[in-house]
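Please examine the structure shown below. The briefing that follows covers its core, its domains and its sheet in turn.

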Amino acid sequence: MAEYCFGIDIGGTTVKCGLFKTDGELCDKWEIVTRTEDGGKQILPDVAASILKKMEEKGIAKEQVSGVGVGVPGPVIKEREVSVAVNLHWGYTMLADELEALLNGICVKVGNDANVAALGEMWKGGGEGTRSLVMVTLGTGVGGGIIVDGKIVTGAHGAGGEIGHACVDPSETESCNCGNKGCLEQMASATGIVRLAKKILAVETEPTVLNAEDISAKAIFDAYKEGDATAAKIVDRFAEYLGNALGIFGCVVDPEVFVIGGGVSKAGQPLIDAVKKYYQRDAFLSCKDTPIVLAKLDNDAGIFGAAKLVVE
Ligand SMILES: [Zn+2]
């Protein structure tokens, strides 16, 4: 039986690579540069060369590899094709076909990077031991992934898990990057929290350590932990948007656990506690006690989840 697999996470600047045992043990990880010039033509040949070199270095034969899973920043069709990946300068790409040919027939499966990160957290991260979860990644934007029965829910149009674009405030007047108004991403991303903070600071009269000219999600949560009343208002507003949204997702998916990741989640347990208060207020009766936990794998979630794509 094949005992190894690879998890590859292709980002706009680097490709993260992991060699795993099929039980999920990470044996080796490394990075290569993502060469996006020329329409990103070199990316897959670079990935293939790096995998083949690693196999040679470790004395791993093709028969010992169950497959190569790949996460990409774009919509994925049938675990094989990528519709478009702007950050990689790719249009429609038959990723699995191309990479399998470059890897002498080793099986390749593909997933969207946010979805794949959710799968990684289910396998070896905050959701380990579960078979269903909703993951929300609070970074520059808000990403997400939904896993049901151990499988990624990609949806009919590749929009499954696009949690950041759930409308949580129809009265919002500013536009989201997607063109709609009132998206969760506008409230709960690193930039979204700063946006909420500036609105609150503009009308706030109480003394605060926060300064609207020089503010970040980290500064807001640090001030919150120190007991700053204005920071508490900002975090409360953020937590209400996110907790309410999780309540809605809970009614739809009813996962075993919610996992919160991304840079903003570095705020830790105080963030979880703030969100939990509103989740429990808004969630449907039978899923009010669903745990909300922090992600554990950090930047490695992508390689773990990609590897899991090729492990049954
Ligand atoms: Zn949006």
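**Nonpolar core**

The largest nonpolar core holds 93 residues, and those touching the most other members are Ile8, Val68, Val70, Leu99, Ile220 and Phe238. Such a core is a set of buried Ala, Val, Leu, Ile, Met, Phe, Trp, Tyr and Cys residues joined through C-beta atoms within 7 Å, where buried means that 20 or more other C-beta atoms lie within 10 Å of the residue's own, with C-beta atoms placed from the backbone. The model is predicted: local features need pLDDT of at least 70, side-chain atom pairs count only at pLDDT 80 or more, and totals for chains, interfaces and linings use all residues. Residues are numbered from 1 along each chain as its sequence is written.

- Helix H8 (residues 229–253) supplies ten residues, the largest share of this core; helices (H or I, at least four residues) and strands (E, at least two) are DSSP runs, numbered from the N terminus.
- Domain 1 (4–119 + 300–309) and domain 2 (129–296) both contribute residues, so the core lies between them.
- Leaving aside residues up to four places away in sequence, Ile220 touches Ile193, Ala197, Leu210, Ile215, Ala231, Ile234 and Val235; contact requires C-beta atoms, placed from the backbone, within 7 Å.

**Domains and their interface**

- The bounds of domain 1 and domain 2 come from an automatic or database domain assignment, and the centres of the two domains, taken over C-alpha atoms, are separated by 29 Å.
- Eleven residues of domain 1 are in contact with 14 residues of domain 2.
- On the side of domain 1 that touches domain 2, strand E5 (76–77) and H4 are the elements giving two or more residues, and H4 gives the largest share, five residues.

**The sheet**

- Five strands form an open sheet of mixed pairing, ordered E3-E2-E1-E4-E7; two strands pair if DSSP finds at least two bridges between them.
- Strand E3 (26–33) and strand E7 (108–112) are at the edges with a single partner strand each, so one side of each lacks a neighbour in the sheet.
- Strand E4 (residues 65–72) and E7 run parallel and are joined by five bridges; Val70 has Val110 in E7 as its bridge partner.
- Helix H4 (residues 113–124) packs on the sheet, touching strand E1 (4–10), E4 and E7, and its direction makes about 105 degrees with that of E7; axes are lines fitted to C-alpha atoms, for helices over the stretch in contact, and angles run from 0 to 180 degrees between N-to-C directions.
- Helix H10 (residues 301–309) lies across E1, strand E2 (14–21), E3, E4 and E7, at about 130 degrees to E1.

How values were computed:
Two residues are in contact if their C-beta atoms, placed from the backbone, lie within 7 Å. A residue is buried if 20 or more other C-beta atoms lie within 10 Å of its own, exposed if 12 or fewer, and partly exposed in between; C-beta atoms are placed from the backbone.
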